[in-house]
Structure formats: C-alpha cells, structure tokens
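Here is a short report on one protein chain. Keep the sequence and the 3D view open while reading.

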Amino acid sequence: MSSPNMAANRKVDLTLSYISQDCRRIPSILANAYGMQTKSLDLSYNDIRSLETLEDFSILEQLILDNNELTDNANFVRNPHLQTLSLNKNKITDLDKLLNQLVKCYPNLTYLSLLGNPACPDQLSNMEKDEDDYQRYRYYVIHKLPMLNFLDSTPVTARERAEAKRIGAFMRVIRPVESKPFVDEDTKDVTDGKLSPLPQASSGEGTHRGAYGVLRHRYTGKIPKETDSFEITSYNFIY
C-alpha cells in the first residue's frame with residue numbers, strides 16, 4: 001500500500017477540457033494549475049486567437065482547438081511529445097506557413113486535422129474545390145509531415161505515402177499575389193492595378209478616341225502555291 005506522502009508526490013496525467021467559455025486565449029490559471037500534468041487539452045468552441053501560455057503545457061500529447069478564431073498569425077510552441085493536433089474550423093489560410101511551424105514544433109505529430117479552414121480544400125466547406133484539389137493537398141501535407149498516420153480524420157494509406165514521396169513536393173498550392181495600385185510615371189495617375197491599353201486620359205466617358213485603318217491590298221482565297229502571285233495585305237492606322 002502506498003503511503004500518503006508517496007500518493008501526494010505521484011504525478012497524475014490529466015485530460016483537461018475547457019469548452020465553450022468564450023475565451024480569446026488559453027487562461028493562465030489553467031496553465032499554472034494543470035500545465036505540468038495535462039496530456040490531453042480540449043479548447044474547442046471558444047474564441048481563441050492567441051496561443052500564449054501553451055508552452056506551459058510541456059507534456060501535452062493531444063491538443064484540440066476546433067471551432068476557434070486562429071489565423072495565420074498563430075504561433076505554435078515546440079513540444080516533442082505532441083502527437084495529435086486538431087484545428088478544424090478556424091481561419092487558417094496559409095498552408096505553407098502552418099506546415100513549416102508544425103515541422104519545427106511537433107516532430108512526432110501523427111494526427112492532424114484542418115477541415116473547415118480556407119487552407120484545406122475539402123468539399124464540405126469549399127464547394128469550389130473538387131476531389132483532385134483535396135488529393136493534391138493531401139500529397140503535399142504528407143510530404144511535409146511524413147510521420148502522419150491520419151490526416152483530416154482519414155488514415156494515410158501506403159499508396160498516398162508513396163505518391164507523396166514521389167510528387168508531393170510539386171503539389172504546393174501557389175497563393176495569388178494581390179495586385180498593387182499602378183502609378184503612371186508620366187501623369188502620376190493611380191489605377192487599381194488593372195492595366196488598360198488606352199491612355200489614362202482617354203479612358204473616361206466621352207473622351208475615347210477610336211482608330212480606323214485604310215486597306216491598301218487584299219488577298220482572298222486558298223494558301224498560295226510557289227507559282228502563284230499574290231499581294232500582301234497592309235494597313236495604315238490613324239489615331
């Protein structure tokens with residue numbers, strides 16, 4: 001039988017749930033009181049935007065952050081013990097930035113779920129995507145995180161792992177660059193970044209100057225043979 005002192009000194013591995021509390025960050029009181037004992041932490045259905053104090057959960061193996069407000073600005077902290085990370089239904093758009101953090105912070109991650117984020121092209125939350133988009137995404141994520149056994153609640157198959165090794169590096173989705181305002185160096189006019197073939201001063205209503213051509217020669221008919229003679233069509237344009 002264990003003595004009272006031995007029982008008091010024995011560490012207890014906790015499963016801690018703090019759900020639907022409308023908190024914007026992980027409460028420091030939880031980290032201070034239970035951080036050193038918690039192996040599973042569920043913070044679903046909150047308003048979490050910052051991961052401050054997460055470093056205090058140093059033995060964490062499972063972290064669930066579903067249905068929160070995490071964006072690309074979220075900073076994950078290194079934890080070699082973490083094996084499960086669920087980030088469903090947040091606001092993460094930059095897949096590369098997220099994966100680069102996970103590679104550095106969680107070398108033993110085997111389960112990852114990103115369903116419901118703009119970065120994840122699943123058909124349930126993004127009707128513009130199809131199965132091919134989602135499969136390319138899986139190849140790329142598995143390529144970046146080869147330790148994964150599950151991705152988005154679906155097991156990683158041996159075929160997917162082989163394809164990820166073969167072509168995963170080429171499945172990266174390039175994010176479009178937002179167009180910047182265009183400044184005409186001569187007139188200093190600013191446009192919305194969409195170039196027009198017409199001068200800025202001629203693009204307003206009632207100011208457009210048309211162009212017409214004078215036809216000098218015309219040829220019609222089949223493609224000429226070497227023995228045929230023909231005239232070349234040319235135009236003079238007047239502005």
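## N90 and its loop

N90 sits in the loop that runs between β4 and α3. The model is a predicted one. Is N90 buried or exposed? Its relative accessibility is 5%, so N90 counts as buried; the cut-off for buried is under 20%.

The side chain of N90 makes polar contacts with backbone atoms. One of its polar atoms lies 3.0 Å from the backbone oxygen of L65. The N90 side chain also reaches the backbone nitrogen of L70, again at 3.0 Å. Leaving out residues up to four places away in sequence, N90 touches L65, D66, N67, N68, E69 and L70, as well as G116, N117 and P118.

## Helix α3

Helix α3 covers residues 95-105. Which of its residues are buried? They are L95, D96, L98, L99, Q101, L102 and C105. These buried residues pack against three elements: β4 (84-86), β5 (111-113) and α4 (131-144).

The N-terminal end of α3 is capped by D94. A side-chain oxygen of D94 lies 3.3 Å from the backbone nitrogen of D96.

D72 belongs to the loop between β3 and β4. It is buried because its relative accessible area is 17%, and the limit is 20%. Beyond its neighbours within four places in sequence, D72 is in contact with K91, I92, T93, D94 and K97. D94 is also the residue that caps α3.

How many cavities of 30 Å³ or more does the whole structure hold? The search finds one. The largest cavity holds about 50 Å³ of space. Its lining includes D72 and D94.

## Aromatic pairs

A pair of aromatic rings is described by the distance between the centres and the angle between the planes. The count here is three aromatic pairs. One of them is Y111 with F150. Their ring centres are 6.1 Å apart and their planes stand at 35°, so this pair is tilted. Y111 is partly exposed, at 22% relative accessible area. F150 is partly exposed too, at 35%.

Another pair is Y134 with Y137. Here the centres are 5.4 Å apart and the planes are at 35°, so the pair is tilted. Why are these two residues separated by about one helical turn? Because they are three residues apart in helix α4. An α-helix has 3.6 residues a turn, so residues three or four places apart point the same way. Y134 is buried, with a relative accessible area of 18%. Y137 is buried as well, at 2% relative accessibility.

## Positive phi angles

D22 has a positive phi of about 60°, although it is not a glycine. D22 lies in the loop between β1 (14-17) and α2 (28-34). Its relative accessibility is 66%, so D22 counts as exposed; the cut-off for exposed is over 50%.

Y45 is another residue other than glycine with a positive phi, near 55°. Y45 is placed in the loop between β2 (38-42) and β3 (62-64). Is Y45 buried, partly exposed or exposed? It is partly exposed, because its relative accessible area is 49%.

## Cysteines

How many disulfides are counted? The count is zero.

Note on methods: Residues are numbered from 1 along each chain as its sequence is written. This is a predicted model: local features need pLDDT of at least 70, side-chain atom pairs count only at pLDDT 80 or more; totals for chains, interfaces and linings use all residues. Side-chain values use heavy atoms; hydrogens and water are left out. Buried means under 20% relative accessible area, exposed over 50%, partly exposed in between (1.4 Å probe, protein chains only). Helices (H or I, at least four residues) and strands (E, at least two) are DSSP runs, numbered from the N terminus. Contact means heavy atoms within 4.5 Å. A polar contact is a pair of N or O atoms within 3.5 Å; within protein, one must be able to donate a hydrogen and the other to accept it, and residues adjacent in sequence count only if both atoms are side-chain atoms. Rings of Phe, Tyr and Trp (its six-membered ring) pair if their centres lie within 6.5 Å; planes under 30 degrees apart count as stacked, over 60 as edge-to-face and the rest as tilted. A disulfide is a pair of cysteine sulfur atoms within 2.5 Å. On a 1 Å grid over the protein atoms alone, a cavity is a set of points where a 1.4 Å probe fits but cannot get out, and a pocket is an open set with protein on both sides within 12 Å along at least five of seven lines; lining residues have an atom within 4 Å of a point. Grid points are joined across faces, edges and corners, and a volume is the space filled by probe spheres set on the points.
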